[in-house]
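I opened this notebook to record what I looked up in the structure. The entries follow the order of my reading.

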Amino acid sequence: MDKLTNLEKKWILYDVGNSAFVLLTATIIPIYYKNIAETSGITAADSTAYFSYATSIVTIIVAVLGPVLGALADTKGFKKPVFTFFMMMGVLGCAGLAVPKTWLVFLVVYVLAKVGLNASLVFYDAMLGDVTTDERMDVVSAQGYAWGYIGSCVPFIFSLVFVLFSENIGISGNTAMAIAFLVNGAWWLLVTLPLLKSYEQKHYVERTLHPVRDSFGRLAGIFSEIRRKPSVWCFLLAFFFYIDGVYTIIDMATSYGKDVGISDTNLLLALLLTQVVAFPCSVLFGFLSKRVKNTTLIQVSIIGYFGVVLFALQLDKTWEFWFLAVWVAVFQGAIQSLSRSYFAKIVPKEKATEYFGFFDIFGKGAAFMGTMLMGISTQLFDTSRAGVAILAVMFAAGFLLFRKAVERAENAA
């Protein structure tokens, strides 16, 4: 592949920054939260359910805000400022997790931080069309996820030293956690600065006298436009189902592992391994996208995740969790990066943020449904396995709908 341009590298750096917080949400944060909840007398099943509900609240907020803000951000001169606002909301929320000492307040700050993260990603994903070409999108998108995985390990390992060896260092567990949250927030901000300095919005809608009011009018028009594009509409429906399992596994893997008896240390180290393995696998899928159809690789990834869910249903041993962590790592970056680049190719560049606002609705809406169903079924059956079983159905539906979307795209070509 050709060397990455400076702007492509700076765009990729935001994946490196925000992925540090994403890794925390998949590892340290659920463990820390469940330990706080346990000391308050909350059962394991209930604490998992409450964490699922908090994640679901995040997805509802972002699903509502995404298209509206996306329509506004496509106006000339708006994309970078709105992106910066939500990025800072996420950074400050991450650092702010060092303050709460009760499980409920902790979840409130967590929700604010996650809203900042997920809202910023609507604009970040839409920047892809501004920083590279259609021909390079698959590779650059994959590089973003790849370097995000490996780069996030730097502050995570630093944090892990304090968390796992707090007694040897001579600090309390709470102090170690506070250091972890502050370090990851600072890392996120620092590696984002090069993008903020260099990014320019190339594709946009001209500014009007009433940009906010007019953005709502464009929003209704975009939804109508999407409905008239069968390949885009059908892809979004497929994405809604299969990305449900992906996001739910990312958000709930640690809570599920803790519920089935995996120790905190093994959970943290296994998920660190996921990041390390995901790096070369994401690069590999980006390389393969130059020789194999993007759509074929997405289907392979969906099937891979279906197998992950089936294996997780019987998981009860530590080595099985380690094996599952590697399995997830193979497909995690691929399914997200290839979906992002595929969508960026099939939508108008000047309306990219508006379209990605709907992309985020279907993605985060799926995550809402997955985490909510997992929470409800976990409480109903008093076991996390019931929630995991729901995800298998979602992947199967996503696979069938995606095949239909590909057929419609080929027929329209």
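**Entry 1. Ser47**

I looked up the contacts of Ser47 (contact means heavy atoms within 4.5 Å). Leaving out residues up to four places away in sequence, Ser47 touches Tyr33, Lys34, Ala37 and Ile42. I placed Ser47 in helix H3, residues 44-73; helices are DSSP runs of H or I with at least four residues, strands are runs of E with at least two, and both are numbered from the N terminus. Ser47 has 2% relative accessibility and therefore counts as buried. For this term I note that buried means under 20% relative accessible area, exposed over 50%, and partly exposed in between, with a 1.4 Å probe and protein chains only.

I also noted the origin of the model: it is predicted, so local features need pLDDT of at least 70 and side-chain atom pairs count only at pLDDT 80 or more, while totals for chains, interfaces and linings use all residues. Residues are numbered from 1 along each chain as its sequence is written, and side-chain values use heavy atoms, with hydrogens and water left out.

**Entry 2. Helix H2**

I turned to H2, residues 28-39. Its buried residues are Ile28, Ile29, Pro30, Ile31, Tyr32, Tyr33, Lys34, Ile36 and Ala37. Because nine of its 12 residues are buried, H2 is largely enclosed by the rest of the structure. I then checked the length: at 1.5 Å a residue H2 should span 16 Å, and its end C-alpha atoms are 17 Å apart, which agrees. The expected span is 1.5 Å times one less than the number of residues. Just after H2, I found Gly41 with a positive phi of about 85°.

**Entry 3. Tyr110**

Which residues does Tyr110 touch, not counting those up to four places away in sequence? I recorded Thr25, Ile29, Phe51, Thr55 and Leu97. Tyr110 lies in helix H5, residues 103-126, and is buried, with a relative accessible area of 0%. Tyr110 and Thr75 are 35 residues apart in sequence and, C-alpha to C-alpha, 30 Å apart in space.

**Entry 4. H1 against H7**

I compared the axes of H1 (residues 6-26) and H7 (residues 137-151), which come within 7 Å and cross at roughly 40°. That makes H1 oblique to H7. Axes are lines fitted to C-alpha atoms, for helices over the stretch in contact, with angles from 0 to 180 degrees between N-to-C directions. Angles under 35 degrees count as roughly parallel, over 145 as roughly antiparallel, 65 to 115 as roughly perpendicular and the rest as oblique. The crossing is right-handed; this means that the near helix is turned clockwise from the far one by less than a right angle, and left-handed means anticlockwise.

From H1, the residues in this contact include Trp11, Ile12 and Val16, and from H7 they include Val140, Tyr145 and Trp147. By class, the contact of H1 with H7 has six nonpolar, six polar and two charged residues. Ala, Val, Leu, Ile, Met, Phe, Trp, Tyr, Cys and Pro count as nonpolar, Asp, Glu, Lys and Arg as charged, and the others, Gly among them, as polar.

In H7, 13 of the 15 residues are buried, so this helix is largely enclosed by the rest of the structure.

**Entry 5. Asn294 and H14**

I found Asn294 in H14, residues 294-312. Asn294 is buried at 8% relative accessible area, and among its contacts are Asp138 and Tyr342.
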